[in-house]
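Me: I am new to this structure. Can we go through it in short steps?

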Amino acid sequence: MSEQFEPKIVAFVCTYCTYAGADLAGTSRLKYAPNVRLVRLPCTGRISPMFILKALQKGADGVLISGCHPGDCHFTHGNYHARRRWTVFRALLDFTGIPTDRVKYSWISAAEGVKFAELINTITEDIRALGPFTQYHGLIEETQSQASL
Amino acid sequence: MAKIGVFICHCGENIAGKVDTSRLAAALGDHPGVSVSVEYKYFCSDPGQESVKKAIRENHLTGVVVAACSPRMHEATFRKACAEAGLNPYLCEIANIREHCSWVHSDGDMATDKAIDITRSMVEKVKRNNMLQPIEVPVTRRAMVIGGGIAGIQAALDIASAGQEVVLVEREPSLGGHMAQLSETFPTLDCSQCIMTPRMVEAAQHPNIRLLTYAEVEHVDGYIGNFKVRVRMKSRFVHMDKCTGCGDCYLKCPVKKIPSEFDCGLGKRTAIYTPFAQSVPNNPVIDKTNCIYFKNGKCKLCQKACAADAIDFEMQDEFLELEVGAIVVATGFQVQNTAMYGEYGYGKYADVITGLQFERLASASGPTAGKILRPSDQKEPEHIVFIQCAGSRDPSKGVRYCSKICCMYTAKHAMLYAHKVQGGKTSIFYMDIRAGGKGYDEFTRRAIEEDEASYLRGRVSKVWEENGKLMVRGVDTLLGRPVEIAADMVVLATAMVAQPGAKEFAKTIGIGYDEYGFYNEAHLKLRPVESSTAGIFLAGTCQSPKDIPDSVAQASASASKVLALFSKDRLEREPVIASCNEATCAGCWGCVLACPYNAIEKKDILDRSGRVIKQVASVNPGLCQGCGTCVTFCRSNSIDLAGFTEKQIFAEVMGL
């Protein structure tokens, strides 16, 4: 049996809802797939499409954006900006040929540890099914040399 | 050259039990820029923190990464330790390898791989961290309380009694709010006016309280500790300093049949009036729309009657600009317009009234001097039907929530009626009896067991008039049969809804609101009296329906928050705020649109001769809350967010 493909997923999350939800999953000792790496930001409104592209460029097989539910944003409406931005950006992704199903968007509150664990499992399986993301692999070396600047 | 120290905590077995910490330490030790990579059983312990400090001093570290529990747990601890060792605290970051790694994964190898990624990514971030200083802003030690009901009065009294200045703003001519309208209060049945009016007087006479009645907040500028508020003093046409409150003016006023707002239309008032006999202040106002002089240019009977020469028909609205450090919003609620329940006949039949109107009927100071009389013929009703949830918990009427107080006040109404009218019959249609609270369930039981209120579980479908009786058709779902009752009066327990204009007012002062127009708290459980805007607090029913004890408790809680804010001369805030590069800013104002806090202002750039050569964005550090939405919006990459700069995030992603 061949070894299972382990995707690498980068998650951009807000510190008030989803990061806290992930903390709750931890304190509840829920078990989920170890494929996701969280990048903590103050608000989903801070998430630039460039972060997502950079993650994909760096070799991530999938990206997750997650923040507070609509209406619950700590910063009143940063998540609405994120949602609008995502809607536009998804069209651009599609246009460039990057499969949009590699980038997921969700709402997870600080109370939804279980939902966070389930989401990570689902996304890991989804991305695993899509296989490794290779379109950007040729650029990795170049970007790494840039990063060390 | 970066010299980063990596401190890997075992957290007993919590981390080390899953993650191979020696492999983690070795991997990070080899990472460029890392000069120390050590592990220890408990870094948060005293000896653990001491070892971090020692390492900082001995190795002249330029940054620290603690791989341990969530930053929400111990970021403050380690930042403090760094500061004590002479390292800027914002050069310390936490790699969360417990909640996000060791606790949630089963496979040790993969967990270790993930821990290495997480820690390496934080090392890359911390290399690009900047030394930041907490932001200090001055505090104006004066609070404004908006709303002079029980919540506003309580908040004002608490703040004033602690020795701080308060400006209490009330839009109506008198303090008192809804509580002054009530007859008796549950669950003790003590008279509302008897406990309310002394509070009103106390607030008006308190040396630290400046009372502004018949005044409205028009505009709020500024930020925590430094608000500038414009208040419109509506013209009363009566000079407060001259008026003695003798009442000769309204005795002479020829317009006597204006429905009294205070009596919910059941009583009448004059055109120059005080809302009620115990008004505070006891100075009347002239209702311009009903005054004969303002309509026809003739009359002035009140002016002739006034011995103090206090009446001035030429008076204009005045504006006050006030500087305050904190604001308590206590703007209250209104009773839902019952006209939307056409089937209950409110407005069509005079004897179908709201709960608040019943309060006025039962009040000793009300239009009937406390006698329960039908509005239509002033006869004592023999049978009253109460309909609970007339508006609340009804999604089709836009109110999905429970108004919380109606079960209790309906039980109270039934008791008051039983006490005042011998042999009177009461039927109450209800959905559920919600009587949570100290002494509350006992109270509703008393209504049923001692005062013989008959509770029918079900809804009413129709109310109509027949032979001088109000016929009420409903269903008793417990017996499973329809019911028809011939009543003399129907009382609707109408929903508590947000004040008219509550949403616009929220925008004026810059706070959030929910779909119903109730104001949002910063956190439902842990920060229930703070609004989402720093320095603005909430009290009473403007936040959600609540009863008097809850309103008072919330008001005192708000006051304690205000006093905590006023306990220092200057405020210290986390320096996670945006700043703009004026050299590259093109002045497109995308950031202005994005900012939820109006924190971005337009700043003129002048040349030597003082001419404006361009306008750029400038972030007000007092207002900025650090969400970073503007950063992402900025087309020219001119705005960046301290602590989460573009460089830092990209480095973090590259480190993964």
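**Chain A and its partner**

Me: In chain A, what percentage of the contacts with a separation of 6 or more comes from residues 24 or more positions apart?
Reply: Note that this is a predicted model. Take the contacts in chain A with a separation of 6 or more. Residues 24 or more positions apart account for a share of 83%.

Me: In what order do the elements of chain A run from the N terminus on?
Reply: Chain A has five helices and four strands. Of its 149 residues, 51% count as buried. From the N terminus on, the order is β-α-β-α-β-α-β-α-α.

Me: Which element gives the most to the side of chain A that touches chain B?
Reply: Across the two chains, 33 residues of chain A are in contact with 37 residues of chain B. On the chain A side, two or more residues each come from α1 (18-27), β2 (36-41), α2 (49-58) and α3 (78-96) of chain A. The most, six residues, come from α1(A).

Me: How far apart are the C-alpha centres of domain 1 and domain 3 of chain B?
Reply: Chain B is divided into domain 1 (4-127), domain 2 (142-332 + 535-566), domain 3 (334-497) and domain 4 (578-655). Take the C-alpha centres of domain 1 and domain 3 of chain B. They lie apart by 64 Å.

Me: Which cysteine does Val329(B) touch?
Reply: Leave out residues up to four places away in sequence. Val329(B) then touches residues including Ile146(B), Gly147(B), Tyr519(B) and Leu538(B).

**A sheet in chain B**

Me: Which are the edge strands of the open sheet of five strands in chain B?
Reply: The strand order is β20-β27-β21-β22-β23, with parallel pairing. An edge strand here pairs on one side only. That picks out β20 (352-354) and β23 (454-457) of chain B.

Me: What is the bridge partner of Phe429(B) in β23(B)?
Reply: Strand β22 of chain B covers residues 425-430. Four bridges join it to β23(B), and the two run parallel. In β23(B), the partner of Phe429(B) is Leu456(B).

Me: At about what angle does helix α12 run to β21(B)?
Reply: Helix α12 of chain B spans residues 406-420. It lies across β21 (383-390), β22 and β27 (489-494) of chain B. Its angle to β21(B) is about 175 degrees.

**One lysine**

Me: Why does Lys647(B) count as partly exposed?
Reply: Lys647(B) lies in helix α18 (residues 646-655) of chain B. A residue is buried with 20 or more C-beta neighbours within 10 Å and exposed with 12 or fewer. Lys647(B) falls in between, because its count of C-beta neighbours inside 10 Å is 14.

Me: How far apart in space are Lys647(B) and Ala55(B)?
Reply: In sequence, Lys647(B) and Ala55(B) are 592 residues apart. In space, C-alpha to C-alpha, the distance is 27 Å.

Conventions
Residues are numbered from 1 along each chain as its sequence is written. Chains are lettered from A and ligands numbered from 1 in the order in which they are written. This is a predicted model: local features need pLDDT of at least 70, side-chain atom pairs count only at pLDDT 80 or more; totals for chains, interfaces and linings use all residues. Two strands pair if DSSP finds at least two bridges between them. Two residues are in contact if their C-beta atoms, placed from the backbone, lie within 7 Å. Axes are lines fitted to C-alpha atoms, for helices over the stretch in contact, and angles run from 0 to 180 degrees between N-to-C directions. Domain bounds come from an automatic or database domain assignment.
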